[in-house]
Structure formats: structure tokens, C-alpha cells
Amino acid sequence: MPVKMATASLGDLLRTPDRFLRSTHLERDVSDPRALDDYCLTGFGLDCLANVAEGLSKRSSRRAWRFTGDYGSGKSSFALLLTRLARSAHVSIPASLKGTIEKRCPELKKRRFVPLIVIGAREPMGRAIIRRLWSLIEEDFPRALSKALLKRLTVAASRETLADADVLQILQETNSELMAKHATEGLLLIMDEAGKFLEHAAFHPENQAVMLLQGLAEMACRSGDMPLVLVCLFHVAFGSY
């Protein structure tokens, strides 16, 4: 009796998974449960994840990170994975990755951080951070802040210019009040395309984005039992901007 052989076209065999046909966009893909399908976590990526995960633990001082890589090297996909793990969205992590990640990064297993995702643009960095923070509070935590802080945040989000000290203070106080309401264990600030803020500052010297970055990094590393973790993604080194 002849045996029928299953056949597949060359196109089927060489099909490129959908996620590799477009770049990852953090704000858009954070709510897409399939955005990490077929994601390949390399050994180096796992090492990076373990390093950042340490910063999510209490009392850590390793809470400011910069990742630099060419376009298409996977920085945004890595940040998407980190975002989901930090906010305990393990249900949207591919099963093939869960065991490896939980074994290497036990700090992530029960973490519940609030991700604040800021996409870089040629505008002042502080304004972009505060505007995104205001949107986050309005969408997810409309009653978590005191009336006084919410008013300050709302006013700051409408301003064209902001002092670095005001940006840092509002971030710190927002994190503190969210934690006091048990809404989070800390704030995870991820800035993708962060180099665009530096490009803007290069043409507008009055906007010292580097000084604000330094302030954010110092505040993160000293955040103690009110964790603020900073992750910045760049295409090239600082000096190239």
C-alpha cells in the first residue's frame, strides 16, 4: 500500500516568523501577547537580564543601565521582555523562556514594578518623561496620588520647559506614593531611542540632557528601599551624539 508523504513548499520551510518582519515598538507592543513569540534570548542577553534583575531586589545600588547597539540588534525586544518580567506579566512570556529565566533570575519571579516607557524624540528629555508619567498615572493609577502631587504633575506635564530638579523630585515623590498605596514595588524607567534626546540637546545647548541623565542615574542608584531602576537604550556611544 503506497504511503503518502507530507510535502511542504520551499516558502513554508523558509518562512520568516512575523515578529522578525518589523521592529519592536515598546509602547505599542507592551500589550501585544504575541510580540515576544519566537524571541531568541542569547547567553549574553540572559547575562544582561540577570544584571538588571539584581537591581530590582531590595537595597541594591545597581539600578542604572545603558545598553548600546546597532539598529536591529534586539535592544527593544530585550526591553520588552524586561518590562513584562518586572511587572509580573509572566503569562505573556514564551514557555520556552520561562524556566531558563526563573532559574537564572530568581529576583524577577515575584516582582511587581510599574514600567514607565519613554520613547526618545528630538525634544527635551525632562518634558518627555513627565508627560509620559502623567499619562501613566491617568490611565492606570488615577487615584493613587495625593491631590497636591497630581496637580503638580498635571501642571508640569503642560509646560514647555522643566528644571531637572523638578523632574527628579516629581519622579521620586510619585514612586513613593505609588509604593505607599501598594500599587508597586518600584518604578522601572525605560528610555528607548534615548539618543534622540541627546541629538536635540546638541542643537539646543540650554537643554542639558546629559546632566538630567546623570541626575536620574544617581537617584536610581541611591533609591534604596524605594527602588527606581533606569534603563536607557542607545544606538551609539555618548560621544557620537
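A residue counts as buried when its relative accessible area is under 20%. By that cut-off, five of the six residues in strand S2 (residues 114–119) are buried, so the strand is mostly covered. The structure discussed here is a predicted model.

Strand S2 pairs with strand S3 (residues 187–192). The two strands run parallel, and six bridges join them. One of the residues involved is Ile119, whose bridge partner in S3 is Asp192.

## The chain as a whole

The chain has 241 residues, and 47% of them count as buried. Its secondary structure consists of ten helices and four strands. Read from the N terminus, the order of these elements is α-α-α-β-α-α-β-α-α-α-β-α-α-β.

Which share of the contacts with a separation of 6 or more comes from residues 24 or more positions apart? In this chain, such residues account for 73% of those contacts.

## Confidence in the model

The mean pLDDT of the chain is 85. A value of 70 or more is reached by 86% of the residues. Confidence is lowest in helix H1 (residues 10–13), where the mean is 57. It is highest in helix H7 (residues 147–157), where the mean is 97.

## Arg63, a buried charge

Arg63 sits in the loop between helix H3 (43–56) and strand S1 (64–68). Arg63 counts as a positive residue, and it is buried yet has no salt bridge. What is the nearest side chain of opposite charge, and how many Å away is it? That side chain belongs to Asp225, and it is 7.3 Å away.

The side chain of Arg63 does reach the backbone oxygen of Gly224, at 2.7 Å. Leaving aside neighbours within four places in sequence, Arg63 is in contact with several other residues. Among them are Gly55, Ser57 and Lys58. Others in the list include Ala220, Cys221, Ser223 and Gly224, along with Pro227, Leu228, Val229 and Leu230.

## Ser77 in helix H4

Ser77 lies in helix H4 (residues 75–86). Is Ser77 buried or exposed? Its relative accessible area is 8%, which is under the 20% cut-off, so Ser77 is buried.

Ser77 can also be placed relative to Asp29. The two residues are 48 residues apart in sequence, and their C-alpha atoms are 9.3 Å apart in space.

Methods:
Residues numbered from 1 in each chain as written. Predicted model: local features only at pLDDT ≥ 70, side-chain atom pairs only at ≥ 80, totals over all residues. Heavy atoms only, no water. pLDDT = per-residue confidence, 0-100. Buried < 20%, exposed > 50% of the residue type's maximum accessible area, 1.4 Å probe, protein only. Salt bridge = Lys/Arg side-chain N within 4 Å of Asp/Glu carboxyl O. Polar contact = N/O pair within 3.5 Å; in protein donor to acceptor, adjacent residues only side chain to side chain. Contact = heavy atoms within 4.5 Å. Pairing = 2+ DSSP bridges.
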